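Student: Could you take me through the helix packing here, slowly and one piece at a time? I would like to follow along with the structure open.

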Amino acid sequence: MESWTDIRSMNMEELTAAVEAAGEKKFRAKQIYGWLHQKLIRSGDEMKNVPAACREKILREHPLYGVTEVERYVSKIDGTSKFLFELYDGNIIESVLMKYKHGNSVCISSQAGCRMGCRFCASTLLGLSRNLYPSEMLDQIYAIQRATGERVSHIVVMGTGEPFDNFEALCRMIEMLTDEQGLHISRRNITVSTCGLVPKIYEFADRYPQVTLAISLHAPNDVMRRELMPVANRYAMKELMEAADYYVEKTGRRITFEYSLVKDVNDQKEHAEMLSALVKGLNCHINLIPVNPVKEREYRQSEQNHIQAFQHILEKHHIQVTVRREMGRDISAACGQLRKGYKERSGNG
Ligand code: SF4
């Protein structure tokens with residue numbers, strides 16, 4: 001089991017142990033936890049009812065890490081905001097705030113970069129820099145809530161990185177986010193998206209049956225999936241679908257499949273038929289995503305009539321399907337592109 005020593009990644013038990021190890025009274029842990037996870041402070045000085053000497057002693061051993069906003073883009077079309085955040089070591093990550101009728105939803109990154117190598121994705125072009133700490137995942141949400149003054153009610157772990165490649169930090173983040181001594185967000189309002197690390201799908205279904213799972217499928221068969229997603233060389237489609245079945249059976253919840261439509265690659269009618277056969281009988285929802293062009297790659301977005309034809313075939317087979325609305329279309333592009341653009345402009349590595 002991984003453990004973290006930065007103060008915002010520590011759970012109440014660990015924080016209590018740290019407070020006692022510093023020779024302080026146990027109740028200080030609860031106060032500090034409240035400042036960190038309910039009042040969402042940015043620096044130790046803000047913990048008004050904790051004596052300075054106590055704060056300093058604990059923070060010396062357990063630094064307070066967070067994210068610092070470096071750029072923000074707000075869509076004039078739909079109010080979607082994309083944030084570029086800097087981490088304590090200079091790494092850059094991005095997060096997105098989307099405003100819906102049902103509340104504010106934040107899409108967070110789980111890693112700085114990604115090593116999964118999906119062919120249509122800008123986040124992986126520079127490889128994986130490092131895993132994020134639980135605190136750095138949480139603080140993307142906290143920073144957005146601080147910046148906007150509005151409550152965040154829904155979380156999607158679908159930004160840069162493969163969350164199941166940083167599994168224990170993801171679990172810690174979920175536990176702290178849903179804790180009644182923190183923001184107390186409902187587990188049902190959290191969605192985690194994976195490119196398909198099969199063993200972790202089983203583990204996740206067992207540990208967090210209330211959390212929604214989305215699998216990036218992007219292809220209806222092994223051959224095509226291997227071309228688009230190197231992870232498909234590790235886990236065959238059959239294994240992936242068995243894991244999806246397990247999730248649905250274990251949790252009683254619907255599973256989501258993400259399917260990016262790439263022009264002339266996976267957007268033909270026969271692909272829609274194959275996809276229908278693949279998910280037949282499974283309680284699922286398919287989210288069709290017109291792929292965002294990445295300038296370093298040759299992939300292009302499917303044409304509107306192809307998208308519609310694809311959708312109609314799935315509907316004909318009684319499969320629940322939606323075409324993802326493009327949020328913040330005017331403020332740049334695919335996940336990972338802002339971060340990459342910023343790094344190129346600033347020489348920041
Ligand atoms: S799509 Fe997700 S898993 Fe695949 S390379 Fe991009 S960030 Fe990584």
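Student: At roughly what angle do the axes of helix α1 (residues 12-21) and helix α2 (residues 27-37) cross, and within what distance do they come?

Tutor: Happy to! Keep in mind that this is a predicted model. The axes of α1 and α2 cross at roughly 125° and come within 8 Å of each other. An angle over 145 degrees would count as roughly antiparallel, and α1 and α2 are therefore oblique to each other. As for handedness, the crossing in which α1 passes α2 is right-handed. On the α1 side, the contact is made by M12, L15, T16 and V19, and these meet R28, A29, K30, I32 and Y33 of α2. Sorted by class, six residues in this contact of α1 with α2 are nonpolar, one is polar and two are charged.

Now turn to helix α6 (residues 198-207) and its packing with α8. Their axes lie 9 Å apart, at an angle of about 0°, and that makes α6 roughly parallel to α8. From α6, the residues in contact are V198, I201, Y202, A205 and D206. From α8, they are E239, L240, E242, A243, Y246, Y247, K250 and T251. By class, the contact of α6 with α8 has eight nonpolar residues, four charged ones and one polar one.

Staying with α6, its buried residues are V198, I201, F204 and A205. They span an arc of only 110° around the axis, so they sit on the same side of α6. Among the elements covering these buried residues are α8, α5 (167-178) and the strands β8 (190-194) and β9 (212-216). V198, I201 and A205 are buried in α6, and these residues also take part in the contact with α8.

Helix α8 (237-251) comes up again at helix α9. In α9, which runs over residues 269-279, H271, A272, L275, S276 and V279 are buried. Seen down the axis of α9, these residues fall within an arc of 140°, so they line one face of the helix. Besides α8, the cover over them includes α7 (222-228), α10 (304-316) and the strands β10 (255-261) and β11 (284-290).

Note on methods:
Residues numbered from 1 in each chain as written. Predicted model: local features only at pLDDT ≥ 70, side-chain atom pairs only at ≥ 80, totals over all residues. Heavy atoms only, no water. Buried < 20%, exposed > 50% of the residue type's maximum accessible area, 1.4 Å probe, protein only. Helix = DSSP H or I, 4+ residues; strand = E, 2+ residues; numbered from the N terminus. Arc of directions from axis to C-beta. Contact = heavy atoms within 4.5 Å. Axes fitted to C-alpha atoms, helices over the stretch in contact; angles between N-to-C directions. Parallel < 35°, antiparallel > 145°, perpendicular 65-115°, else oblique. Left-handed = near helix turned anticlockwise from the far one by under 90°. Nonpolar A, V, L, I, M, F, W, Y, C, P; charged D, E, K, R; others polar.
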